[in-house]
Amino acid sequence: MAYTIAVIGTGSEPENPGSDGYAMAYRHAEAYESIEDCELVACADLVRANAEAFADEFSVGQDRIFEDYSAMLETVEPDIVSVCVPPAVHDSIVIDCVRSGVVDAVHCEKPMDDTYGGARQMVEEADRYDVQVTFNHQRRFSDPVRRAKELLDEGEIGDLERIEFSAPIGIFDYGSHSFDLCNYFNDEAATEWVMAQVDYREENVQFGAHNENQALVCWEYENGVHGFGTSDATGDGGPAGAVGCHNRLIGTDGTIEVGPAGDDDLPSLRIRRAGDEDWTAVDTEGGLHGWELVERAIDDVVDALETGDESELGAGNALNATELIFAAWESSRRRGRVDLPLEIEDNPLEAMVESGQLQPEPAEEE
Ligand SMILES: NC(=O)c1ccc[n+]([C@@H]2O[C@H](COP(=O)([O-])OP(=O)(O)OC[C@H]3O[C@@H](n4cnc5c(N)ncnc54)[C@H](O)[C@@H]3O)[C@@H](O)[C@H]2O)c1
């Protein structure tokens, strides 16, 4: 089966990634290029110069460059659309693709959306129109994460009791990956409650959306496993130091650490079984980061479309992670525990900024 691919939101400057733009579309395009059955045929960007540079790089025809993505959908009728625009417009663009009636699959960048209502609506519309919708939580496909899950499933640390994470940047931007990994380790169990607090004293806007400076989040899954996560965008330690590794899995008979922090010589994965005096490094081929993970994610997306199997990047799993992000901010807004399912539509952090409840100082110019 051959698939035609189109991209919405090409970005610019892929060689200069940063929070003002990573041009993730280039990473998606490279991934599709490596799959024999996929042909990149069109692109759309509000900024025509961005779309033209992208088209030039990936040999997209001049008559297949669009500023208006709706015109692109109508003219090209692509099988798969990659959506690489900022989070605030993920929901409207993904939903337009889903409702277009011409697209079989949409692969959208994380975080799902800048409101919980928008994220939930994407899942509802994907179900209603029977279109495969996935989100790019590519860190699931890293070797340390895969190997950690194998060790857990093989019973190497006994029964899982607690999962931890520390995230740079914030629980929305980076935390979307962090919560997604926690849910992956705990087999996508549903969550019963979330309790959190945030500190937001200096503006931290990433890809157009607010992120707190520091956060502490506790939650409990319905299967009794507890979660504890921290974010720290200040770069000077703070609560994130309380966890001190990318993810920690604590079991009845030992502990696994993915991405332990503190020393460059530490391995990407290590285990300490009950009774061990010290950690044992676990060999893994690659690390937690790298664009090859986007290739693995997109392989999974195309494979799911071909086989009809559910991709693990599917909208349902993504919503599980997104619910934890917004429940954490909602807990801070309510000053209390939030019992799930989460029944809000908005973005509590943004609402608290708009109401003046939180008053972050303008960020210092870099
Ligand atoms: N998976 C990851 O690890 C990872 C890493 C970085 C960024 N991201 C995410 O990728 C997404 C995109 O980020 P980026 O850094 O690639 O952005 P970018 O700024 O590099 O590119 C976004 C492009 O979208 C275009 N655009 C905006 N609104 C549009 C619209 N309505 N129609 C058409 N084009 C539109 C802009 O003109 C811009 O060219 C964000 O959600 C971000 O959080 C994910």
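In the predicted model, strands β13 and β14 form a hairpin, with 2 residues between them. The two strands run antiparallel and are joined by 6 bridges, β14 spanning residues 254–260. One of the bridged pairs consists of Cys245 and its partner Pro260 in β14.

Strand β13 also pairs with β7 (residues 160–168), to which 5 bridges join it in an antiparallel arrangement. Across this pairing, Asn247 in β13 stands opposite Phe165. Strand β13 is largely enclosed by the rest of the structure, because 5 of its 7 residues are buried.

Leu249 lies in β13, which covers residues 245–251. Beyond its neighbours within four places in sequence, Leu249 is in contact with Ala148, Leu152, Ile157, Leu160, Ile163, Phe185, Thr255 and Ile256.

The surroundings of the ligand were examined separately. The ligand is surrounded by 25 residues, of which Gly9, Gly11, Gly21, Tyr22 and Glu109 are the closest. By residue class, this shell comprises 14 nonpolar, 8 polar and 3 charged residues.

Definitions and conventions. Residues are numbered from 1 along each chain as its sequence is written. This is a predicted model: local features need pLDDT of at least 70, side-chain atom pairs count only at pLDDT 80 or more; totals for chains, interfaces and linings use all residues. A residue is near a molecule or strand if its C-beta atom, placed from the backbone, lies within 6 Å of it. Ala, Val, Leu, Ile, Met, Phe, Trp, Tyr, Cys and Pro count as nonpolar, Asp, Glu, Lys and Arg as charged, and the others, Gly among them, as polar. Helices (H or I, at least four residues) and strands (E, at least two) are DSSP runs, numbered from the N terminus. Two residues are in contact if their C-beta atoms, placed from the backbone, lie within 7 Å. A residue is buried if 20 or more other C-beta atoms lie within 10 Å of its own, exposed if 12 or fewer, and partly exposed in between; C-beta atoms are placed from the backbone. Two strands pair if DSSP finds at least two bridges between them.
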